[in-house]
Amino acid sequence: MLIARVIGDVVATQKHASHEGRKALLVQPLNLDGSDRGDAVVALDSADAGIGDRVLLVTEGFSAMTSVGRPESPIDMAVIGVIDRIDLLPSSPPHLR
Amino acid sequence: MLIARVIGDVVATQKHASHEGRKALLVQPLNLDGSDRGDAVVALDSADAGIGDRVLLVTEGFSAMTSVGRPESPIDMAVIGVIDRIDLLPSSPPHLR
Amino acid sequence: MLIARVIGDVVATQKHASHEGRKALLVQPLNLDGSDRGDAVVALDSADAGIGDRVLLVTEGFSAMTSVGRPESPIDMAVIGVIDRIDLLPSSPPHLR
Amino acid sequence: MLIARVIGDVVATQKHASHEGRKALLVQPLNLDGSDRGDAVVALDSADAGIGDRVLLVTEGFSAMTSVGRPESPIDMAVIGVIDRIDLLPSSPPHLR
Amino acid sequence: MLIARVIGDVVATQKHASHEGRKALLVQPLNLDGSDRGDAVVALDSADAGIGDRVLLVTEGFSAMTSVGRPESPIDMAVIGVIDRIDLLPSSPPHLR
């Protein structure tokens, strides 16, 4: 999973019924220092995430499908949780990294 | 999913029956600012997309297969919707991104 | 799918029975302008492709497996069609890309 | 699989029940020389790994799901083992690499 | 599949029973000219490959799992064959590439 930020949403003429009633979020994957990690992608929301939330992004198809409980949906990325806290352990000595 | 633009199509001597009757579209993935995101790829159309349309592109195999309702098809990318609107929320403060 | 060119083949001491009787092709993924897209990869042939052919390359495992009708084969890439023609629509205005 | 180092953990408001009771680890993929390989990712722990451990990281969805014995979980990366030793054979002549 | 060279092995405290009795090989993906293609990865051996062997590397999860006959194993890469010969056809004119 990647850490990402919700930055918008996408309205599309969906042809596949499985996407109806689901928000398609525009999310920006992030590096640990908060900088952009590549460009934004579109993910289905399964965590009631809102604009500005820092979220967990699943980037693989079968995993993403199960997140919404619809294993026959054409979903390859999904937001599966809103991040409360990241603990980057300072106690780990630099040479261990 | 990625945002992409339909820029052409591909005619191939298909050996796999599952592709018959489906358009193989040439699509160019895009960054948020509209610039090219890598080079073009070939995706099966499941959204009646046309040349010039801005579309949602699924880039994972199992997801792409389900989009056309044929889980035993050799499809790894599919166009699953035509984008009507992208809302990039300006209300999210820069430091949140 | 990617556009690729068949540039050779690979003879291996196969340990998995599912690969027997199948050609393992060396294929070079291509950009739209015909330049190399990364380095060559090895794909199973399911389209009777020959050296020099421009082909459609499926790059995902489950999709590749279904292309040869053997869902329990260790195949992650397959050549699924020989390209006859690519129509890159000139009618699409530059600003649309 | 990639070699990675556990550098922290992530606490999220999980919406999917399958993640409950599992640690979401922040892991940094590594090159052979110990330098960073891209940026850190988030993986579910199925090896009782701790901060500072050098681990084996599975980066594909279906594989990751099976590592935790929950094939319907939205997991795309998992820590599946703690590395004891890497033998980089010096006996292999340079020209063989 | 990628062409790779076996350069070592990895000993890990495996938590998943499916990996027991299998060698975890350290393999270096290669470009056609023999140079390194990114950094080394860890793959399960299903071809009795040895140090220095040039091998076929499957890099997708479901494919890798089937290579060892264990579809519920957390394996995302596997060595599935030892390469005997690569025929890079010189008869293909440069302009065809």
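**Exercise 1. How many residue pairs are in polar contact between chain C and chain E?**

Step 1. Read off the count. Chain C and chain E have 13 residue pairs in polar contact, both residues at pLDDT 80 or more.

Step 2. Place the residues. On the side of chain C that touches chain E, at least two residues each come from β1 (2–14), β2 (24–29), β3 (41–45) and α1 of chain C. Helices (H or I, at least four residues) and strands (E, at least two) are DSSP runs, numbered from the N terminus. The largest share of that side is the 9 residues of β1(C).

Step 3. Sort by class. The side of chain C that touches chain E holds 18 nonpolar, 10 polar and 8 charged residues. Here Ala, Val, Leu, Ile, Met, Phe, Trp, Tyr, Cys and Pro are nonpolar, Asp, Glu, Lys and Arg are charged, and the others, Gly among them, are polar.

A note on the model: it is predicted, so local features need pLDDT of at least 70 and side-chain atom pairs count only at pLDDT 80 or more, while totals for chains, interfaces and linings use all residues. Residues are numbered from 1 along each chain as its sequence is written, chains are lettered from A and ligands numbered from 1 in the order in which they are written, and side-chain values use heavy atoms, with hydrogens and water left out.

**Exercise 2. What area is buried between chain C and chain E, and which residues form a salt bridge there?**

Step 1. Count the residues. Chain C brings 36 residues to the contact and chain E brings 30. Contact means heavy atoms within 4.5 Å.

Step 2. Take the area. About 2,700 Å² is buried between chain C and chain E, and carbon and sulfur atoms give 57% of it. Buried area is the accessible area (1.4 Å probe) that two parts lose on being put together, summed over both.

Step 3. Look for charge pairs. There is 1 salt bridge between chain C and chain E. A salt bridge needs a side-chain nitrogen of Lys or Arg within 4 Å of a carboxyl oxygen of Asp or Glu. C:D39 and E:R37 form a salt bridge, with their closest N and O atoms 4.0 Å apart.

**Exercise 3. Where is C:D76, and what does its side chain reach?**

Step 1. Locate the residue. C:D76 is in the loop between α1 (61–67) and β5 (78–88) of chain C.

Step 2. Check burial and charge. C:D76 is buried but has no salt bridge. Buried means under 20% relative accessible area, exposed over 50%, and partly exposed in between (1.4 Å probe, protein chains only). The nearest side chain of opposite charge is E:R37, 10 Å away. Lys and Arg count as positive and Asp and Glu as negative; His and the chain ends are not counted.

Step 3. Find the partner. The side chain of C:D76 comes to 2.9 Å from the backbone nitrogen of E:T59.

Step 4. List neighbours. Beyond four places in sequence, C:D76 is in contact with residues including C:V58, C:A64, E:M1, E:L57 and E:S63.

**Exercise 4. Which residues of chain E lose the most area to chain D?**

Step 1. Start with the interface. Here 36 residues of chain E are in contact with 30 residues of chain D. The buried area is about 2,700 Å².

Step 2. Name the residues. E:I7, E:V11 and E:D76 lose the most, together 20% of what the chain E side buries.

Step 3. The interface of chain E and chain D has 1 salt bridge. E:D39 pairs with D:R37 at 4.0 Å between the closest N and O atoms.

**Exercise 5. Is A:D45 buried or exposed, and which residue does its side chain meet in a salt bridge?**

Step 1. Take the total. The whole structure has 15 salt bridges over all chains.

Step 2. Find the pair. A:D45 and A:K23 are one of them, at 3.6 Å, N to O. A:D45 is in strand β3 (residues 41–45) of chain A and A:K23 in the loop between β1 (2–14) and β2 (24–29), 22 residues apart.

Step 3. A:D45 counts as buried because its relative accessibility is 6%. A:K23, at 40%, counts as partly exposed.

Technical notes:
A polar contact is a pair of N or O atoms within 3.5 Å; within protein, one must be able to donate a hydrogen and the other to accept it, and residues adjacent in sequence count only if both atoms are side-chain atoms.
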